[in-house]
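I opened my notebook to look at charged side chains.

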Amino acid sequence: MKDKLIRATTMDGTVRAAACVATELVETARKQHNTAATATAALGRALIANIFLALNLKGEDVVTLRILGDGPLGGIITQADANCTVRGYVQEPNVQLDVNPQGKLDVGGAVGKNGFIYVTKDLGLKEPYTGCSELVTGEIGDDVAYYLNQSEQTPAVVGVGVLIDRDHSCLAAGGFFIQALPGAEIELLEHLERNIQDVTSVSKLIQEGITPEEMLVKVFGDIPYKILDEEVWSFSCNCNRPKLEGVLLSLGQAELEDMIEKDGQAELRCHFCNEKYNFSKEELQALLDRGK
Ligand code: ZN
């Protein structure tokens, strides 16, 4: 099943939903960052959750998700934009924990149960808006749902899953998202919750070949809904050489001179995609001259 995301809404417009397969996207992230299994699962879930937080962006809008727990993974930072691209990283990509008693990768243990989730929306206004809530389980889906409930007062269900193969590649990844907008009837929400009660492992369903359309059928059951559109999201970064030059310039003249004298070159990596940028002595010198 190729990566695909479907957006939908109930006929009365009070509940919106999305479902996606994102196996290729998570596999691209894994390859870029060379993450171990538990780290891949955590990063993959965060990337998919970030997509769900970024479904209605326009123009230059960007949504950044930061999950900062007290587990061995350190932080997870991801970012999604209106061009259907998402990128991100974990601070400790080598984290590999034993599976939990449910036989799943121990994402909660890797992220940690104590900490905070921050969502920053840069919607082209003067100031970006950042909301925050405490982590609940560190399993990411629950934490993002709790955030939406607490910080944005929109009850939500966020089901995200990543299945890792024996060779550590991503076997299946994806999820579903339900968000109640103001005015949603409590009975409707309870009905939706009953519908998804038996969806215990979304990644397993994806491995078995379920499509986003079929996921939405499970979510809505007999509740009337309509599909709004279809998107293809990818793991892709917006970094480029001029941006990294800007980073070098921001270090200041003394630091640059030091770099030229001591190292005779510089190697920078973009955190978000792990792409490497090399600068020769001559290029550093040119930057220095330009900065003067
Ligand atoms: Zn990058």
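**Charged side chains**

I began with E24, which counts as partly exposed because its relative accessibility is 38%. My cut-offs were these: buried is under 20% relative accessible area, exposed is over 50%, and partly exposed is in between (1.4 Å probe, protein chains only).

The model is predicted, so I noted its limits: local features need pLDDT of at least 70, side-chain atom pairs count only at pLDDT 80 or more, and totals for chains, interfaces and linings use all residues. Residues are numbered from 1 along each chain as its sequence is written, and side-chain values use heavy atoms, with hydrogens and water left out.

Next I looked up the partner of E24. K2 forms a salt bridge with E24, with the closest N and O atoms 3.8 Å apart. This pair links distant parts of the chain: K2 sits in the segment before β1 (4–10), E24 in helix α1 (residues 23–33), 22 residues apart. Helices (H or I, at least four residues) and strands (E, at least two) are DSSP runs, numbered from the N terminus. K2 is exposed, at 61% relative accessibility.

I counted salt bridges and got ten. The rule is a side-chain nitrogen of Lys or Arg within 4 Å of a carboxyl oxygen of Asp or Glu.

Then I checked D229 and R7. Their side chains meet in a salt bridge at 3.0 Å, N to O. D229 lies in strand β10 (residues 225–231) and R7 in strand β1, so the pair ties together parts 222 residues apart in sequence. R7 is buried at 15% relative accessible area. D229 is partly exposed at 27%.

I also found a pair within one helix. D258 and K262 form a salt bridge (3.4 Å, N to O). Both lie in helix α9 (residues 253–262), four residues apart, about one turn of the helix. K262 is exposed at 65% relative accessibility, and D258 is partly exposed at 33%.

Is D81 buried or exposed? I found it buried, at 7% relative accessibility. D81 lies in strand β4 (residues 75–81). Its side chain makes a polar contact with the side chain of T85 at 2.8 Å. Another polar contact, of 3.0 Å, joins the side chains of D81 and R87. A polar contact is a pair of N or O atoms within 3.5 Å; within protein, one must be able to donate a hydrogen and the other to accept it, and residues adjacent in sequence count only if both atoms are side-chain atoms.
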